[in-house]
Amino acid sequence: MRETHHALSRRSLLIAAPALLAFLPAGGAQGSWPPVFEAGRSQFTVVRPRAPMPPLRLQDLHGKDVVVTAKPGRITLVNFWATWCAACRLDLPVLASLAGSQRDRLDVVAVCTDTRDLRKITAFLAGLAVKNLACYADAYGAAAQVSTEMFPIVGMPITYLVGTSGHVEGYIAGAPDWLSPAGAQLLQFYREQT
């Protein structure tokens, strides 16, 4: 009797992968990989290799120069947005609510990328009733510089998650619901990472 060996095609592996993942033990599957977090047609994407977040030279809404860095032991969300962006109108209020509810565990940095006009940025935010959110103008082109080096802006808005070690872990484009159970799971996952 002759044995036949069937090679699995790449397509068949991709089709079978979700079914195989469903049978993995819950604890073992999540040990080193973050939970799924989605926003419309986008999902949280892990960045490898991990690199430390660079200091960002920005301007606060009072015109004061600041250097923003990740704080050890805290998660930092770095959000890039624009005044012309429709999804930003949904994203910024959610980020403000998140920042207000987790002041002791999380920093949210929102960087306007399309204008340096502080009055225009302030008026835009006032129209959204955004409070509790650290917003900055990219007065010195920091966003443009780091977008080529560390934070590629592949959509607008886009939020990068910097873990407790100060390394960029991943990003999500669009307006995800950070206040959802899936958002809370993702943040908790990275709080537990060392």
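Predicted model: local features only at pLDDT ≥ 70, side-chain atom pairs only at ≥ 80, totals over all residues.

Me: How many helices and strands does the chain have?
Reply: The chain has 194 residues, of which 46% count as buried. Among contacts with a separation of 6 or more, residues 24 or more positions apart account for 75%. The count of elements in the chain is six helices and ten strands.

Me: Which strands stand at the edges of the open sheet, and why is one side of each left without a neighbour?
Reply: The open sheet of eight strands has mixed pairing and runs in the order 3-10-9-6-7-8-4-5. Each edge strand has a single partner strand, so one side of it lacks a neighbour in the sheet, and the two strands in this position are strand 3 (45-46) and strand 5.

Me: In strand 8, which residue is the bridge partner of aspartate 60?
Reply: Strand 4, which covers residues 56-60, pairs with strand 8 in the antiparallel sense, and two bridges join them. Aspartate 60 has its bridge partner in strand 8, and that residue is tyrosine 136.

Me: What angle does the direction of helix 3 make with that of strand 6?
Reply: Helix 3 packs on the sheet, where it touches strand 6 (75-81), strand 7 and strand 9 (158-162). Taken between the direction of helix 3 and that of strand 6, the angle is about 160°.

Me: Does glutamine 102 count as buried or exposed?
Reply: Glutamine 102 is found in the loop between helix 3 (88-101) and strand 7. Leaving aside residues up to four places away in sequence, glutamine 102 touches Leu187 and Arg191. The cut-off for a buried residue is under 20% relative accessible area. Because the relative accessibility of glutamine 102 is 12%, this residue counts as buried.

Me: Which strand gives the most to the lining of the largest pocket?
Reply: The largest pocket holds about 280 Å³ of space. Of the 15 residues that line the largest pocket, those closest to its centre are Lys71, Asp107, Val108, Val109 and Ala134. Two or more lining residues come from each of strand 5 (65-68), strand 7 (106-112) and strand 8 (134-137). With four residues, the element that gives the most to this lining is strand 7.

Me: How do the residues of the lining of the largest pocket divide into nonpolar, polar and charged?
Reply: The lining of the largest pocket is made up of 15 residues. These residues divide into nine nonpolar, two polar and four charged.

Conventions. Residues numbered from 1 in each chain as written. Heavy atoms only, no water. 1 Å grid on protein atoms, 1.4 Å probe; cavity = no way out; pocket = protein on both sides within 12 Å on 5 of 7 lines; lining within 4 Å. Points joined across faces, edges and corners; volume = space filled by probe spheres on them. Nonpolar A, V, L, I, M, F, W, Y, C, P; charged D, E, K, R; others polar. Buried < 20%, exposed > 50% of the residue type's maximum accessible area, 1.4 Å probe, protein only. Contact = heavy atoms within 4.5 Å. Pairing = 2+ DSSP bridges. Axes fitted to C-alpha atoms, helices over the stretch in contact; angles between N-to-C directions.
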